[in-house]
Amino acid sequence: MPHAVVAAVDLGATSGRVMLGHVGQNELRLRSVARFPNGPTPVNENGRVSLHWNISELYRNVLAGLTAAVAAEPGLVGIGVDSWAVDYALLRQGRMLQVPYHYRDDRTRPAVETVHALSGPAELYEANGLQFLPFNSLYQLRADLDAGTLDLADQVLLVPDLLTYWLTGVSAAERTNASTTGLLDVRTGDWNEALISLLGFNRSLFPPLVNAGTRIGSLLPSVAAEIRSSRPIEVTAIGSHDTASAVAAVPATGDDFAYISCGTWGLVGVELDGPVLSAASRAANFTNEGGVDGRVRYLHNVMGLWLLSESIRSWELDGAPIVLADLLREAAAVTGPVAVFDADDQRFLAPGDMPARIRAYCVENGLEPPRSKAEMVRSILESLADAFARGVQQASLLSGKTVREVHIVGGGSQNRLLCQLTADRLGLPVLAGPVEATAIGNVLIQARAQGLVNGSLEELRALVARSFVPVAFTPARSLVRQ
């Protein structure tokens, strides 16, 4: 089979990157050509500070990254775009009506009550299989409807679909990300027209659904000229929800694994062939999201390394220089017990002074608050490891799937202390890496669509395992939950 190079546009909630993937039947290499920051932009709206994405700046950085990709590899044959979930743009006749809201904006609180008055949480779970998160797209869309904004729109495009539209001129909704809207039928994977109508939305707002691996089309001539490409480059719909791409790249050699896709969020779960819709699953707030090749990502959202990054941001605002490697080394040296708090508590969702919130939680719940930065970091990592362990054990119990090993992929796989603490609390081996799992999954689905590799998801994972050997962490302490 041929060898070729494709570009993965991988957009996270705090940063973005453009990666080159060199792919062949027995070859998989990744190289970064561009990295750029991303994050919420506060805007004053009638006296309320709202959070938005600077989507135009994000797209500018994507184009700059693709320009660098073409300069490095003039024979580039493909592009795929993935991003975080749930957020979207409203369009009218192809023009964006407003800057997309950030999911951490709190505008959805009244909309949650409105939606639940129309369809209760149990009915919603039966229909869409999603865990309750106040920023799920259906609540955001209801907030737009109540504000009168949705009436002006004729199309809704999730973030990766929006960028794909700007690159190609083709509107589509890739299924793995569309599954996070709460508006897909969890059993069929199609738009749930009855639920869309019940919530007051117009079905025509939502574009045709496509599967990961669908070839969308070539770059628009104007885009090709902008990135200085003299040849056609095809854009493929990959697992456009970044977690779907990350899970596709888990280097598992069997099916008895759980995964933790750890970055800003920690997505903890197992891969299944069908959804779990039991009352116990809903009570545990587990979600059934679409995966590549029709798989189900049965998982629970944990706050993730947002707790650490937001703490560091707060300390730096106070003028304290922070070197993460030093901080982690000091945290590893903490010998006394530290507070283990509920990392899923909703008070930790919004930006702000995270250390103060953690201390307040500890005081309210009879825990000894961390006294130093090192103790705070250790407390955060112990709490995340505890949440990860609970998530894996619940996923196994609720789904009936046996778990013998846990794969941590994404940026959190570099945090050796977190990986070891997770192994200790689970009493199971933890395999860490690859760091760039999302980009790897993006590249592989493009490559398979173009005939550069072939085979099942398991065969693609075997290629990942050969190309990016994970680091193993074995349980060192008796912290296993009974």
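Tutor: Let's start with Asn46, in the loop between β4 (40-45) and β5 (48-53). A quick note first: this is a predicted model, where local features need pLDDT of at least 70, side-chain atom pairs count only at pLDDT 80 or more, and totals for chains, interfaces and linings use all residues. Residues are numbered from 1 along each chain as its sequence is written, and side-chain values use heavy atoms, with hydrogens and water left out.

Student: What makes a stretch a strand or a helix here?

Tutor: Both are DSSP runs numbered from the N terminus: helices are H or I with at least four residues, strands are E with at least two.

Student: Why does Asn46 count as exposed?

Tutor: Exposed means over 50% relative accessible area, buried under 20%, and partly exposed in between, using a 1.4 Å probe and protein chains only. Asn46 has 85% relative accessibility, so it counts as exposed. Its phi is positive too, about 55°, although Asn46 is not a glycine.

Student: What makes a positive phi worth a mention?

Tutor: Most residues other than glycine have a negative phi, and most peptide bonds are trans. Gln93 also has a positive phi, near 50°, and lies in the loop between β7 (88-92) and β8 (95-96). At 70% relative accessibility, Gln93 is over the cut-off and therefore exposed. As for peptide bonds, a cis one joins Gly433 and Pro434, with omega about 5°. Pro434 sits in the loop between β19 and α16 (437-449).

Student: How do you know whether Thr168 is buried or exposed?

Tutor: Its relative accessible area is 7%, so Thr168 is buried. Thr168 is in helix α5 (residues 159-168), and its side chain reaches the backbone oxygen of Thr164 at 2.8 Å. Not counting residues up to four places away in sequence, Thr168 touches Ile216, Gly217, Ser218, Leu220 and Val235. Contact means heavy atoms within 4.5 Å.

Student: And Leu195, buried or exposed?

Tutor: Buried, because its relative accessible area is 5%. Leu195 belongs to helix α7 (residues 193-198). Ala127 is 68 residues away from Leu195 in sequence, yet their C-alpha atoms are 7.9 Å apart.

Student: Why are β16 and β20 at the edges of their sheet?

Tutor: That open sheet has seven strands in the order β16-β17-β15-β14-β18-β19-β20, with mixed pairing. β16 (287-290) and β20 (471-473) each have a single partner strand, so one side of each has no neighbour in the sheet. Neighbouring strands are turned by 30° against each other on average, direction ignored.

Student: How do you know that β18 and β19 pair?

Tutor: Two strands pair if DSSP finds at least two bridges between them. β18 (residues 405-409) and β19 (residues 430-432) have three bridges, in the parallel sense. In one of the bridges, Val406 is partnered by Val430 in β19.

Student: Why is α12 called roughly perpendicular to α14?

Tutor: Helix α12 (residues 324-332) and α14 pack at about 80°, with axes 8 Å apart. Axes are lines fitted to C-alpha atoms, for helices over the stretch in contact, and angles run from 0 to 180 degrees between N-to-C directions. Under 35 degrees is roughly parallel, over 145 roughly antiparallel, 65 to 115 roughly perpendicular and the rest oblique. That makes α12 roughly perpendicular to α14.

Technical notes. Polar contact = N/O pair within 3.5 Å; in protein donor to acceptor, adjacent residues only side chain to side chain.
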